[in-house]
Amino acid sequence: MDRYAVIGNPVGHSKSPLIHRLFAEQTGQQISYEALLAPLDDFAGTLHGFLRDGQGANVTVPFKEQAWALVDQRSAEAEAAGAVNTVMRLADGRLFGDNTDGRGLLQDLQVNQRIALRGLRVLLLGAGGAARGAIRPLLQAQPAQLCVVNRTVARAEQLAAQFVGQGPISAAGFDWIEEPVDLIINATSASLGGEVPGISAKLIEPGHTLCYDMMYGHEATAFNRWAADQGAARCIDGLGMLIEQAAEAFALWRGIRPQTASILRKLRTSSA
Ligand code: NDP
């Protein structure tokens, strides 16, 4: 049986084993998928050890940048993101690294949520790994503007500078912008601590602005609760993105993309 795993630290909370088990059942694929805790000082040993006979691995916090450096070949998305969340062992034993987070976000926004990004004014909050992985696919969707907004402004500026020439990108600090926008994507980890990034409430036009938090959980995230209080037209969490990035990884490994709608319904119900 072909073996796969998600490698992280911590990793016990990961929904990936459940998601990939549901994908395998749905598509009739005989695979095993486990969660592997890597020591913080030996991700490389864990990855190489598993892939001696495993076919592929997902990589999660805090190892995505290390995975980028360890693989032999990278997709264009992984190259742009500077991070790898999906590794596949090639027939000749070399390792191929992809980053499916950005594609997962776009699939969730455009297909599941039916948000046409073309022409929208978009704010991307955060300048960490998740934000970086989202920029290339967001620019490819041709928004009117994409502004990277971060607590540490220099990080937003550095990040935006890497994508100059690929679309209408800019950078700003939290309190620099007060004009309403069409879509705000929260790619900060503030919601993990129950905090809300310190942006102006004026960015949300009541009944119009859409808000998306990459984080997800049993209850509405702190950012989505705040956005709803400001009158955001819709507040969406990142569970759909999680499932779509997993479906992209499964498609890379197995050559078949699972249907995600029923899996999303199942996970929503089980985490309700
Ligand atoms: P990083 O640690 O790489 O980046 C964290 C970012 O959040 C930085 O820009 C940091 O700003 C900002 N930040 C942290 N705390 C605060 C705060 N209290 N107020 C304002 N800004 C803050 O994290 P990742 O990019 O890897 O992950 C970000 C989020 O995306 C996480 O919640 C993660 O769970 C989620 N995610 C979801 C996925 C999905 O499939 N749904 C996939 C990947 C990530 P500064 O630079 O100033 O420190």
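R114 sits in the loop between helix 5 (101–112) and strand 7 (121–125), where helices (H or I, at least four residues) and strands (E, at least two) are DSSP runs, numbered from the N terminus. This is a predicted model, in which local features need pLDDT of at least 70, side-chain atom pairs count only at pLDDT 80 or more, and totals for chains, interfaces and linings use all residues. Residues are numbered from 1 along each chain as its sequence is written, and side-chain values use heavy atoms, with hydrogens and water left out. Let's begin with the backbone, then turn to the helices and the ligand.

**Backbone details**

- Most residues other than glycine have a negative phi, and most peptide bonds are trans.
- R114 is not a glycine, yet its phi is positive, at about 55°.
- N9 and P10 are joined by a cis peptide bond with omega of about 5°, and P10 belongs to the loop between strand 1 (2–8) and helix 1.
- Another cis peptide bond runs from V61 to P62, with omega near 0°; P62 is in the loop between strand 3 (56–59) and helix 3 (64–70).

**Helix 1 with helix 9**

- Helix 1 (residues 16–27) packs against helix 9 (residues 239–254) at an angle of about 55°, with the axes 10 Å apart. Axes are lines fitted to C-alpha atoms, for helices over the stretch in contact, and angles run from 0 to 180 degrees between N-to-C directions.
- Helix 1 and helix 9 are therefore oblique to each other: angles under 35 degrees count as roughly parallel, over 145 as roughly antiparallel, 65 to 115 as roughly perpendicular and the rest as oblique.
- From helix 1, I19, H20, F23, A24 and T27 meet L242, I243, A246, A247, A249, F250 and W253 of helix 9; contact means heavy atoms within 4.5 Å.
- Sorted by class, this contact of helix 1 with helix 9 has ten nonpolar, two polar and no charged residues. Here Ala, Val, Leu, Ile, Met, Phe, Trp, Tyr, Cys and Pro count as nonpolar, Asp, Glu, Lys and Arg as charged, and the others, Gly among them, as polar.

**Helix 5 with helix 9**

- The axes of helix 5 and helix 9 come within 7 Å and cross at roughly 120°, which makes helix 5 oblique to helix 9.
- On the helix 5 side, D101, R103, G104, L105, Q107, D108 and N112 make the contact, and on the helix 9 side G240, M241, E244, Q245 and E248 do.
- The class count for helix 5 with helix 9 is two nonpolar, five polar and five charged residues.

**Helix 5 with helix 6**

- Helix 5 and helix 6 (residues 129–140) have axes that come within 8 Å and cross at roughly 50°, so these helices are oblique to each other as well.
- G102, R103, L105, L106 and L109 of helix 5 meet G133, A134, P137 and L138 of helix 6.
- That contact of helix 5 with helix 6 has six nonpolar, two polar and one charged residues.

**Around the ligand**

- Among the 24 residues around the ligand, A130, N150, T152, R155 and E195 come nearest; a residue is near a molecule or strand if one of its heavy atoms lies within 4 Å of it.
- A polar backbone atom of A127 is 2.9 Å from an oxygen atom of the ligand.
- For G129, a backbone N or O atom lies 3.1 Å from a ligand oxygen atom.
- In the side chain of N150, an N or O atom is 2.8 Å from an oxygen atom of the ligand.

Methods. Polar contact = N/O pair within 3.5 Å; in protein donor to acceptor, adjacent residues only side chain to side chain.
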